[in-house]
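Subject: Structure for you to look at, with notes

Dear colleague,

Here is the structure I promised to pass on, and my notes on it follow directly below. Please read them with the model open beside you.

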Amino acid sequence: MVRQQLGDLDSEQILLGFLIVVSGYMVIQTFQWNRTTAVFPRYIGSATLIGSVLLLIREYLPEPFYTVVAGSTSITGGSRETEEVQAKKDEERSPAEREADIPDRPLSPAVFTAVLITLYIGLSYLFSMFLMTPLFVVAYTAWFGQPWYMIALLTGIGTLLGYAFSTVLIVPVDRGVYVGDLLQIGILEVV
């Protein structure tokens with residue numbers, strides 16, 4: 001019976017469940033920190049938790065809420081008409097042409113993302129988030145076929161954000177079980 005119920009899950013539901021568990025753990029852990037340090041992780045964890053739960057139960061939401069939660073959005077600024085024209089062009093392409101655009105990979109994008117996030121969290125705990133963030137960004141962007149300049153730009157931004165979190169917000173992202181105080185002992189000190 002359990003196997004039959006688990007068989008109905010798709011990769012999106014598994015990823016959302018994973019995000020709910022991780023963000024819930026993140027929110028709970030922030031209550032052990034001092035108030036100023038806990039603010040940002042608590043808000044991010046809460047937003048992720050609420051968003052994941054809403055996406056998971058979107059089929060059971062009343063119509064106005066369903067439209068907000070499951071409605072189509074465009075973060076690139078394209079209009080709905082542009083999206084519809086693109087969708088029509090994609091439909092006109094033959095299955096062989098569409099299949100040629102999809103890289104042959106052993107993992108689906110959702111499974112890869114879940115595995116990479118799990119590795120990122122585990123390795124960040126062991127070796128510091130400051131060191132693992134650039135590696136995560138490179139792995140993620142390379143897997144999804146971003147050009148080298150975009151990989152370099154996003155890796156730089158991730159590194160700068162880690163540095164800002166450690167120095168400005170005094171969040172200990174430069175510490176791990178096997179690595180301690182990278183920025184304070186001068187290994188990565190900016191001249």
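Eight aromatic pairs are present in the structure, where rings of Phe, Tyr and Trp (for Trp, its six-membered ring) pair if their centres lie within 6.5 Å, and where planes under 30 degrees apart count as stacked, over 60 as edge-to-face and the rest as tilted. One of them joins Phe112 and Phe144, whose ring centres are 6.1 Å apart and whose planes stand at 75°, so this pair is edge-to-face. Because Phe112 belongs to helix α7 while Phe144 sits in the loop between α8 and α9 (148-167), the pair ties together parts that are 32 residues apart in sequence. Phe112 is buried, at a relative accessible area of 10%, whereas Phe144 is partly exposed at 31%; buried means under 20% relative accessible area, exposed over 50%, and partly exposed in between, with a 1.4 Å probe and protein chains only.

Before going further, please keep in mind that this is a predicted model, in which local features need pLDDT of at least 70 and side-chain atom pairs count only at pLDDT 80 or more, while totals for chains, interfaces and linings use all residues. Residues are numbered from 1 along each chain as its sequence is written, and side-chain values use heavy atoms, with hydrogens and water left out.

A further pair is formed by Tyr120 and Phe136, with ring centres 4.7 Å apart and planes at 35°, so that it counts as tilted. This pair links distant parts of the chain, since Tyr120 is in helix α7 and Phe136 in helix α8, 16 residues apart. Tyr120 is buried, with a relative accessible area of 19%. Ring pairs also link Phe112, Tyr120, Phe136, Tyr140, Trp143 and Phe144 into a cluster.

How do the two helices α7 and α8 pack? Helix α7 (residues 109-127) and helix α8 (residues 129-143) pack at about 165°, and their axes are 8 Å apart; axes are lines fitted to C-alpha atoms, for helices over the stretch in contact, and angles run from 0 to 180 degrees between N-to-C directions. That angle makes α7 roughly antiparallel to α8, given that angles under 35 degrees count as roughly parallel, over 145 as roughly antiparallel, 65 to 115 as roughly perpendicular and the rest as oblique. The residues that make the contact (heavy atoms within 4.5 Å) include Phe112, Leu116 and Tyr120 of α7 and Met132, Phe136 and Tyr140 of α8. The residues of this contact divide into 13 nonpolar, three polar and no charged, where Ala, Val, Leu, Ile, Met, Phe, Trp, Tyr, Cys and Pro count as nonpolar, Asp, Glu, Lys and Arg as charged, and the others, Gly among them, as polar.

Thr141 is also placed in helix α8, and is buried at a relative accessible area of 6%. Leaving aside residues up to four places away in sequence, Thr141 touches Gln146, Ile151 and Leu154.

As for the protein overall, there are nine helices and zero strands, helices (H or I, at least four residues) and strands (E, at least two) being DSSP runs numbered from the N terminus. Of its 191 residues, 20% count as buried.
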